[in-house]
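Trainee: I am new to this structure. Can we go through a few residues in turn?

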Amino acid sequence: MAAPTAAWGQDPSWRPSFLTQTEVEFEADLDLLIGVGASQAPRDVPYADMRLQGSSETLTDRGWRYGVEGQVRLTTGDGRRGLARPGLTGPVRNGLPVTGLLTGLSADPGLDASSSRLFVDKAQIYLQTRWVKLRAGPGETAAVQEASRPLHAFRLTRAQGGVIDPTGLNLADTSLTLAEGAAGLSVQSQRIVGLRLSASFAPDADPCAQQCHPAGAQVLRADLGSVWSLAASFDRRIPTSGVRWSASLGYETARADDLMGLSFDDPWLVRADLVREAGNLTVNLSGLTGSDGYLGADYDSLGLNIAYEQGDWVYGLELGYGQSDLVQTRTRSVQLGASRLVGARGVLGLAILHVEENRPSADQDALQLLVETGLRF
């Protein structure tokens, strides 16, 4: 049972017992995706993704808060960013493909058809005072913390940055980070007049922790250290019109420990987004540019999302663009879909996803009819 809590900077007018000062919450999302149509991924059976998250928070007599936050994910089959199929052309050294330090892309075929992975997204302790929130442990970088989270019709599939890519071609992703799930420290300010600032540091990170082939002898990559992230966000609703504007700007950089002399450079990224919410209509524009950390190989991505909510329905149109110099490939994607609530906890949606890929050697495309269903607890 949750107890009432005070806002940032407020002293509680009452002095509850310890039990009523502590709030515990759990959430779970379970989603299943079925795709029918052309695909370059070596898997043509349903994909599944389960996300479990929980937190415990205690309010002190001074109005401060402290607690823990955790999130784990189990994913079966993942064609995200084309990593589940062969055919990409990239650098090879000593007979092994070199992996990008930002994207995880390489000439390696990637995850096989039976791949399933369990990983920790977040396991942090935190302290929230009047002015800042301090976090420690594996979790999100400052750029990810401040990124906008607009309304989408689907959770698993997107024109850019989807959890799963059933076409096996899509390279568009404006949500990349150099320290996904890495242990670190972060500080986040209170939002003042709509503006909030964040900074984070991770001493070490695995650039392929969640996106690419499991660690081993299949690919060559440099270790990442000293991952710094700086970000700012703005969120404000205009009282006269009711229109809500959100925006964020994030920067990340890391040191590449090139112990094998493979000409790795320090990777970096810059990410920005802008969201406008007016009534039932949400429009989101996002972009990312950065270095994959190898011989000046650049990566660029853009995304546009338009979502309209009407009753239990959400309708979405999404466009994505991704270009990787490392694997000499660019893709364009479009997704048109609609989903709705089913009862108190169910979600059911139908979409069409088309991805076009351009490479020096050949062009190809894939068209998928998708059904996504899920439960929310």
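Trainee: Is Leu32 buried, partly exposed or exposed?

Mentor: This is a predicted model, where local features need pLDDT of at least 70, side-chain atom pairs count only at pLDDT 80 or more, and totals for chains, interfaces and linings use all residues. Residues are numbered from 1 along each chain as its sequence is written, and side-chain values use heavy atoms, with hydrogens and water left out. Buried means under 20% relative accessible area, exposed over 50%, and partly exposed in between (1.4 Å probe, protein chains only). Leu32 has 33% relative accessibility, so Leu32 is partly exposed.

Trainee: Is Glu357 buried or exposed?

Mentor: Glu357 is found in strand β17, residues 346–358 (strands are DSSP runs of E, at least two residues, numbered from the N terminus). Its relative accessible area is 0%, so Glu357 is buried.

Trainee: How are the planes of Phe201 and Trp228 placed, stacked or tilted?

Mentor: The structure holds three aromatic pairs. Rings of Phe, Tyr and Trp (its six-membered ring) pair if their centres lie within 6.5 Å; planes under 30 degrees apart count as stacked, over 60 as edge-to-face and the rest as tilted. The centres of Phe201 and Trp228 are 4.6 Å apart and the planes are at 45°, so this pair is tilted.

Trainee: Which strands hold Phe201 and Trp228?

Mentor: The two residues are 27 residues apart in sequence, so their pair ties together separate parts. Phe201 lies in strand β9 (residues 195–205), and Trp228 lies in strand β10 (residues 223–237).

Key. Helix = DSSP H or I, 4+ residues; strand = E, 2+ residues; numbered from the N terminus.
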